Amino acid sequence: MMILAPSMLSADFKVLGEELKTIEDNGAKYVHYDVMDGMFVPSLSFGPAILQSIRPASNLVHDVHLMIEEPIRYIEPFAKASADIITVHLEACEDLDATIAKIKEYGCKVGVSIKPATPVSALEPYVEKIDMILIMSVEPGFGGQKFMPVALEKIAEAKAMVDAKGLNIDIQVDGGIYTHNVEDVIKAGANIIVAGSAVFNGDTEANTKAMMEILNRYE
Ligand code: DX5
Ligand code: ZN
């Protein structure tokens with residue numbers, strides 16, 4: 001099953017509860033929660049308190065993408081704020097094994113993400129220990145950027161690596177995905193699709209339906 005994970009970064013915050021209900025009612029299964037620290041990426045976004053407060057607004061899986069330096073420092077507060085999946089950046093962790101172990105200790109699923117310039121091979125020592133790979137298709141930091149085609153090769157490479165090891169882990173892709181290119185990332189091997197602008201800019205209901213109509217064509 002293909003999963004749509006709308007990125008809350010582009011939502012209308014004055015009606016956030018309604019936005020979450022709209023995406024859920026129209027087929028999204030996750031809400032992707034982009035955390036930025038002004039260090040690992042230039043922007044600042046939101047922390048665990050807002051995550052905690054949106055929990056009752058939906059039954060969506062809370063998919064937390066930590067774009068922060070040394071995310072091991074913040075696993076506990078995000079887990080306690082009801083994160084279901086916590087994704088960290090390989091580039092941001094001095095000890096990725098310890099970070100993965102800590103996410104598991106708190107009962108969350110583990111994602112590891114790589115930026116566009118980081119090779120897929122860097123993930124190899126960790127894939128057996130994680131639930132999801134996140135391939136960034138833009139430089140992390142801002143919504144609304146243009147999709148980088150290098151991500152297609154990287155998704156295919158990640159999928160081949162996972163299949164060769166007989167693993168069944170998710171491959172998520174994030175950045176610059178719209179109805180016109182979502183099929184390219186699905187065909188390359190991604191099964192969890194993050195989309196911010198494509199879902200929340202304009203009519204959230206119509207946008208979610210349009211994305212889901214495409215995702216539902218795939219197994
Ligand atoms: C980028 C974030 C993305 C981004 C996606 O740093 O991780 O989740 O908000 O937004 P769009 O779909 O607008 O590229
Ligand atoms: Zn993200």
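What covers the buried residues of H4? The cover includes helix H3 (75-80), strand E4 (85-89) and E5, where helices (H or I, at least four residues) and strands (E, at least two) are DSSP runs, numbered from the N terminus. This is a predicted model, in which local features need pLDDT of at least 70 and side-chain atom pairs count only at pLDDT 80 or more, whereas totals for chains, interfaces and linings use all residues. Residues are numbered from 1 along each chain as its sequence is written, chains are lettered from A and ligands numbered from 1 in the order in which they are written, and side-chain values use heavy atoms, with hydrogens and water left out.

In helix H4 (residues 96-105), the buried residues are Leu96, Thr99, Ile100 and Ile103; buried means under 20% relative accessible area, exposed over 50%, and partly exposed in between, with a 1.4 Å probe and protein chains only. These residues cover an arc of only 100 degrees around the axis, which puts them on the same side of H4, the arc being that of the directions from the helix axis to the C-beta atoms. An α-helix has 3.6 residues a turn, so residues three or four places apart point the same way. At the start of H4, a side-chain oxygen of Asp95 comes to within 3.3 Å of the backbone nitrogen of Asp97, and after the helix comes Gly107, whose phi is positive, near 80 degrees.

Helix H5 (residues 150-164) can be read in a similar way. Its 15 residues should span 21 Å at 1.5 Å a residue, and its end C-alpha atoms are 21 Å apart, which agrees; the expected span is 1.5 Å times one less than the number of residues. Ala151, Lys154, Ile155, Ala158, Met161 and Val162 are the buried residues of H5. Seen down the axis of H5, they fall within an arc of 130 degrees, so they line one face of the helix, while Glu153 and Ala164 are exposed on the other side. Among the elements that cover the buried residues of H5 are strand E5 (109-114), strand E6 (132-136), strand E7 (170-174) and H6. Gly166, which follows H5, has a positive phi, near 70 degrees.

Asn191 is found in the loop between helix H6 (182-188) and strand E8 (192-195), and it counts as buried because its relative accessibility is 17%. Its side chain makes a polar contact of 2.7 Å with the side chain of Asp170; such a contact is a pair of N or O atoms within 3.5 Å, of which, within protein, one must be able to donate a hydrogen and the other to accept it, and residues adjacent in sequence count only if both atoms are side-chain atoms. A polar atom of the Asn191 side chain also lies 2.8 Å from the backbone nitrogen of Ile171. Leaving aside neighbours within four places in sequence, Asn191 is in contact (heavy atoms within 4.5 Å) with Met1, Met2, Ile3, Asp170 and Ile171.

His62, in strand E3 (residues 61-67), counts as buried because its relative accessibility is 1%. With the neighbours within four places in sequence again left aside, the residues in contact with His62 are Val31, Leu51, Ile54, Arg55, Ser82, Ala83, Asp84 and Ile85. A polar atom of the His62 side chain lies 2.9 Å from the backbone oxygen of Leu60.

The structure also holds two aromatic pairs, a pair being rings of Phe, Tyr and Trp (its six-membered ring) whose centres lie within 6.5 Å, with planes under 30 degrees apart counted as stacked, over 60 as edge-to-face and the rest as tilted. Phe13 and Phe46 form an edge-to-face pair, 5.9 Å centre to centre with 65 degrees between the planes. This pair links distant parts of the chain, 33 residues apart, with Phe13 in the loop between strand E1 (3-6) and helix H1 (16-25) and Phe46 in the loop between strand E2 (30-36) and helix H2 (48-54). Phe13 counts as partly exposed at 42% relative accessibility, whereas Phe46 is buried, with a relative accessible area of 10%. Tyr33 and Phe46 form a tilted pair, 4.6 Å centre to centre with 45 degrees between the planes.

Turning to the ligand, an oxygen atom of ligand 1 is 2.6 Å from an N or O atom in the side chain of Asp174, and an oxygen atom of ligand 1 is 2.5 Å from an N or O atom in the side chain of Ser197.
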